[in-house]
Amino acid sequence: MEASFVAMYKEMGISEEVLSFGEEILQGLKQRFEEIDRIAEYNQLKVVHAMQKNRVSEACLHPSTGYGYDDLGRDTLEKVYADCFGAEDALVRPQIACGTHALGVALAANLRPGDELLSPVGKPYDTLEEVIGIRPSRGSLAEYGITYAQVDLLEDGSFDWEGIRNAINDRTKLITIQRSKGYQTRPTLSVDRIGELIAFCKSIKPDVICMVDNCYGEFVEDKEPVQVGADLMVGSLIKNPGGGLAPIGGYICGKKEYVENAAFRLTTPGLGKEVGASLGVNQAFYQGFFLAPTVTASALKGAIFAANVYEKLGFAVVPNGTESRHDIIQAVTLGSPEGVIAFCRGIQAAAPVDSYVTPEPWAMPGYDADVIMAAGAFVQGSSIELSADGPIKPPYAVYFQGGLTWQHAKLGILMSLQKMKEAGLVDL
Ligand SMILES: *Cc1c(COP(=O)(O)O)cnc(C)c1O
């Protein structure tokens, strides 16, 4: 290693010992990184192809105000998303506040009183518990007479086919499938496994709506859940598809009827997709989508590097160092509150923004335990930017994700390791 390189890392607070530990791990990852680059190349073509096919023009980048009637940029972007993801239609809006909002809209729009919602993949993401009414909340689906059923994954992470068959009944209207593990240590689902699950559910009830919570999954593989039969696919623009540039937003894509239902819910019955000014975000949405395949690849490299670093040190990591990837989240079970806090402080210290602040655990709205979050992001709360968070509850796992560039993700992981070492929690 060149002396100037070592000196620069040292200047940033990374010791030579931590740096060379990391370099050794990287030696073994060359082939995996090449595979990631190949998927990014394919996905880059998909995005550019969809932009060209829909004749994205300079005029699409301009803002609209007021009602936003005939917003060319907004309407064209929705066609670009739909084509790129293999969907009939898409709703891509800055009026969708976040991923939870997108999911809440898609659910409320397509369920009616008396219907049942089924999750065949276990407990959904924490913030959806109040949307559904698993934890009572004002305006939940439960308050509107929509019931919820859940079938957990089996111990080995496989689907409980028999349990799912028994759970599907006359009232089952919509099946929600979360691709990513979220704040759990279950495996993330591959697009192919999602396809098998959808085919099974439809073989029992052909008209059931299958929705995939695609948060953190976009562009990780060369295909998306809509291409294996999902009727709806939902995600956040401050995660993968925003490419780090979208300052807000969410998307809902899939079958035209269900997407239109979502538009009628997001705005109002009758107005649907016709209103909703883009207020100047179009350029960031387009450019972010354009960058999303390579940004996702950078985040994936960071996740794989983290898995291999912490696995080598004896921590439980999900996915493990060699497993194939279906989302950008890396869970590392650090086993103690101190471990979670030191890890997050390292990620924070590596940030381009707010690197000097010290993250503390706090009671975040929507979560049932204190959560510590590290993020020095250009877009507040953006988790496609290098970030880490962990609920302060057993098994004291930290969830690490993002990195707009691989080089920055690498710095963050080395810094987390440095803080763990300084706290006496690891021995290199
Ligand atoms: C992030 C996430 C959500 C919620 O998105 P927010 O933008 O945080 O509201 C839902 N599901 C999964 C799997 C997620 O990762």
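**View 1. The largest pocket of the predicted model holds about 1,200 Å³ of space.** A pocket is an open set of points on a 1 Å grid over the protein atoms alone, with protein on both sides within 12 Å along at least five of seven lines. Its volume is the space filled by probe spheres set on the points, which are joined across faces, edges and corners. The lining (residues with an atom within 4 Å of a point) comprises 48 residues, and I238, M364, Y367, M373 and G381 lie nearest the centre of the pocket. Elements that give two or more residues to this lining are α5, α6 (128-132), β10 (371-375), β11 (387-391) and β12 (397-401). Helices (H or I, at least four residues) and strands (E, at least two) are DSSP runs, numbered from the N terminus. By class, the lining has 24 nonpolar, 18 polar and 6 charged residues. Ala, Val, Leu, Ile, Met, Phe, Trp, Tyr, Cys and Pro count as nonpolar, Asp, Glu, Lys and Arg as charged, and the others, Gly among them, as polar.

**View 2. The ligand sits in the largest pocket.** Residues around the ligand (a heavy atom within 4 Å) are C98, G99, T100, L103, Y125, Q178, D213, C215, Y216, S236 and K239. Helix α5 (residues 99-110) gives the most to this shell, 3 residues.

View 3. Of the 380 Å² of accessible area that the ligand has on its own, the protein covers 91% (Shrake-Rupley method, 1.4 Å probe).

**View 4. The largest cavity holds about 50 Å³ of space.** A cavity is a set of grid points where a 1.4 Å probe fits but cannot get out. Its lining consists of S119, V121, G122, K123, P124, L128, T176, I177, Q178, R186 and D213. Strand β4 (residues 172-178) provides the largest share, 3 residues.

**Notes.** Residues are numbered from 1 along each chain as its sequence is written. In this predicted model local features need pLDDT of at least 70 and side-chain atom pairs count only at pLDDT 80 or more, while totals for chains, interfaces and linings use all residues; side-chain values use heavy atoms, leaving out hydrogens and water.

Conventions
A molecule sits in a cavity or pocket if more than half of its atoms lie within 2 Å of its grid points.
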